[in-house]
Amino acid sequence: MAFVPVALLQTYSEVPMFVVRFLVRRLLQGALIVFLVSALIFTLLRVVPGDPVRLMAGGMAPEALIEKIALEMGLRDPIYQQFGRYIGGVAQGDLGQSFVRPANGAAVGGASFDDNTRAARAEVWDLIAQTAPMTLQLALLAMVFALIVAIPIGVAGGLRPGKWPDRLALYLSSVFISLPNFWLGIVLALLLSVKLNLLPAIGYNGFAYTILPALVLSVEIAPFIIRTLTVSVANVMGQNFIDIAAVRGLTRNQIIFRHALKNSAIPLLNLLGVQFSMLLGGVLVIEFIFDYPGLGRLTINAVMQRDFPLIQGIAIVTAAAFVLINIVVDLCATAIDPRLDY
Amino acid sequence: MRSTNMEKDKMDRRKFLGYGVAAGATFGAARINPDFFFSSAYAQDARPLMCLSAENITGNWDPMAHTTLSQFNIEGFVMGFLTRHPMMPEKPDEVVYELATSIEQIDATHLEIKLREGVTFHDGEPFTAKDVKATFEYGAQPERSRQVYPGMADSFEVTTPDDYTVLIDTTKGGYGAGMFIFLASYLPIMSAKDIEGGPNGPLSQRLNGTGPFRFVEQRGNDTVMEAFEGYYRGAPSVPGVTYAFVGDATTRMLSLLNGQADVIERLEPEQVETLEKEPDIKLNRAVSVENKYLWFRCSKPPFDNPLLRKAACHAIDRDLINQIMGTAGEPSSNFVSPIKFGYIDLENYPEYDPEECQRLLAEAGYPKGEGLPELEYITSVGFYPKTKEYGEVITALLQEQGFPVKLNVMEVAAWNERLYDRPGGGPGHMIDCGWTSASPEPDLVLRTHFHSSSKRICGIVDPEIDAALDAERDAPSLEARKESLQTNLMPLLAEKVPAYSLFTSVLMHGLRADVEGLFIYPDGTMDAASTTIG
């Protein structure tokens, strides 16, 4: 047994360097990913039909004025020049100004062509900073709801493979995954808000307004967690060290909670990371249905209004969040299982 | 043991994560509103009237800088008008005097308006004749989009012999001063002080009126207004109005059903059926001042040819469209709504007639549609009810007669971008749109769209139509004007059809049953001065 402490000491003495190396490598990779996403979104936005200047200036604006504004804003320059300017700004923390939204954040349409409120256009960063915490709150609550439902069902299914808890987990997962989220959102709003008057459903005026959309989102995520847990718990429970644990005199609860669940957590953790990132994109429909003032609703309006800087800003922030979440997930995984090396 | 002690001082992965989780939890806890745990989300007493809109605003509060319905509705709460025309079918000529106490036509080109005393703007400035003068003159500036008739600011003169009398002289323009009678219910009266600041001044930053509610702020998609204690008819009963843009029709309906919203607009016919069965909901149905049109791009081929436009009209069976619209549409046969001044069912209005369509196609040089280029018909989804559904019917009917039509269905912002005329013709060849204005004045539609000085969507330039429009505008009396409209201009438009009016919209609003005393005008604006909730 003497070799074990030595190995551990070696591992721990390398930890800070490992964390630094890991973070530097992954952050550099992440920056590259964000750059590529920005370039892709930037180019795509400029090749799709729809002139944002006409939306900014209003439908009645003369063509000459449209061209004048477009030239002033550099929107008639080659795409690579526009991108160069844009990414230069991003590097300095400037995501630009929304084409159409005023500083108060309202969703707006075209005004007259001499609209002079352009100076009061909202900063993209401000719009994202106002809405991202709302989406984060929604996504976190959805994740909590999903875990509350999925852990007991998934673990029970994994502990009795082939028996009724396993089948229940499968059937429930199948039902949950088959429910379209827009339909479920409307049905739950009708049931819990209109009929039972338990929860508010539309807009946001306090934490209670997050519950219903989070419930809908959690139904979307829960099946993945249930299936992952069922499979990984069943897998762990079939391994030798679990049998040996019983011989060592551990109770069943000790085996499950101290050994089986901990070892099943790695695949779950990876899944949660991916699911959380997916949630940031998956809130589009839910936020629109519930009129929830988060990134999803902001994105839909930005797309509909051809608000290029806002769409680009959201894409960059979402890509960066995706990268960061995955770094955190990988760090968590190595903390749980030191054998893992990323 | 040395290494073990060092281990305590070092940041390991577990500690790193532990601190991370603690920081996250601290941040998350700060976002939770503790009130949620102690008070019900529904526990509210005197609360503002919550109205949900189907359309966004423009981001510029200058009432003369837009033609956006949702912003008209907000102005309806905040701004004051000289008169209001309820335009109810049973009393179409009713005039309600608000900031004006009387409007008298002295002779063909002179009008006298007497004003109410003791009225103040929300910023505390007293309302006087100079505000009316400034509003009329500012609204008639060539670069403003709201007021397009009866003529620009150099065609009339406004004088103010005292603080509460306004005289209008239209001698310079050569048209009747009676034109300003209907304008009185359309133009919101702005403060002369605000107007002095010009389009770059306070006008664009906030609303300042004499109406029952004071503009407080724009909070995201919510326009927040509060009751104006100094309102000349007495402070409103509700503490305020919140007017919010909610893009999805189902979301608006759910909000009404669960009591979060008090009023929602633009109900779809299916929603009407659902809401009719709900005991807590009541419906408001009003034939509106809005007609829905199929606009032809008249400034470019092939619809620069009136024969072809008329052929297209004869290909369209409006009975089918009215069936699709159900409760949301009302048949009409003119270019303005039946509740507008001068409306008449036109005898020569083009009706479904395939034979006549073929005859006109041949006469235009396109027998059975041969030789016609592919025609793009642009419509929108998300704002007007059933546009896609009846757009598909119109497309099929036109194709049946040989018009090679392709329907292009767009979301509202993209459609809006393509709506107006441009040099060389607007995008596509036909486009769907409605037009409304809170006044019986027909020229707010006819002159706006069919005079060569405005031609907003269709882009038509036709000296005969210009002459007919000028003739009715210049008529010496309302009776003479009505005759000119009904016997000259409107039949001429039915011959040249720069746009084809499909039907008159019926505005369907859903209201909570406990909302009393809310009056909804035929353009969708509301008077909530006497409204109570519960």
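In helix 11 of chain B, B:Leu320, B:Ile321, B:Ile324 and B:Met325 meet B:Glu389, B:Tyr390 and B:Val393 of helix 13 of chain B. Two residues are in contact if their C-beta atoms, placed from the backbone, lie within 7 Å. Helices (H or I, at least four residues) and strands (E, at least two) are DSSP runs, numbered from the N terminus. By class, this contact of helix 11 with helix 13 of chain B has six nonpolar, no polar and one charged residues. Here Ala, Val, Leu, Ile, Met, Phe, Trp, Tyr, Cys and Pro count as nonpolar, Asp, Glu, Lys and Arg as charged, and the others, Gly among them, as polar.

This is a predicted model: local features need pLDDT of at least 70, side-chain atom pairs count only at pLDDT 80 or more, and totals for chains, interfaces and linings use all residues. Residues are numbered from 1 along each chain as its sequence is written, and chains are lettered from A and ligands numbered from 1 in the order in which they are written.

Axes are lines fitted to C-alpha atoms, for helices over the stretch in contact, and angles run from 0 to 180 degrees between N-to-C directions.

| Helix pair (chain B) | Axis distance | Angle |
|---|---|---|
| helix 11 (residues 318-325) and helix 13 (residues 387-400) | within 10 Å | roughly 160° |
| helix 16 (residues 463-473) and helix 17 (residues 478-496) | 9 Å | about 165° |

Angles under 35 degrees count as roughly parallel, over 145 as roughly antiparallel, 65 to 115 as roughly perpendicular and the rest as oblique. Helices 11 and 13 of chain B are therefore roughly antiparallel to each other. Helices 16 and 17 of chain B are therefore roughly antiparallel too.

Handedness comes next. A crossing is left-handed if the near helix is turned anticlockwise from the far one by less than a right angle, and right-handed if clockwise. Helix 11 of chain B passes helix 13 of chain B in a right-handed crossing. The crossing of helix 16 and helix 17 of chain B is left-handed.

Among the residues of helix 16 of chain B that meet helix 17 of chain B are B:Ile465, B:Ala468 and B:Leu469; their partners in helix 17 include B:Leu485, B:Leu489 and B:Lys496. This contact divides into eight nonpolar, two polar and four charged residues.

**Chain B as a whole**

Chain B has 17 helices and 21 strands. Its C-alpha atoms fill a box of roughly 105 × 65 × 50 Å, taken along the principal axes. Of the 534 residues of chain B, 53% count as buried. A residue is buried if 20 or more other C-beta atoms lie within 10 Å of its own, exposed if 12 or fewer, and partly exposed in between.

Helix 10 (residues 306-314) of chain B is mostly covered, with seven of its nine residues buried. Among them are B:Leu308, B:Arg309 and B:His314. The buried residues of helix 10 pack against strand 12 (281-296), helix 12 (354-363), helix 13 and strand 17 (499-512) of chain B.

**The cores**

A nonpolar core is a set of buried Ala, Val, Leu, Ile, Met, Phe, Trp, Tyr and Cys residues joined through C-beta atoms within 7 Å. The largest has 209 residues; A:Leu138, A:Leu217 and B:Val241 are among those with the most contacts inside it. Helix 9 (residues 208-237) of chain A gives the largest share of this core, 17 residues. B:Val241 touches residues including B:Pro48, B:Phe77 and B:Ala528, not counting residues up to four places away in sequence.
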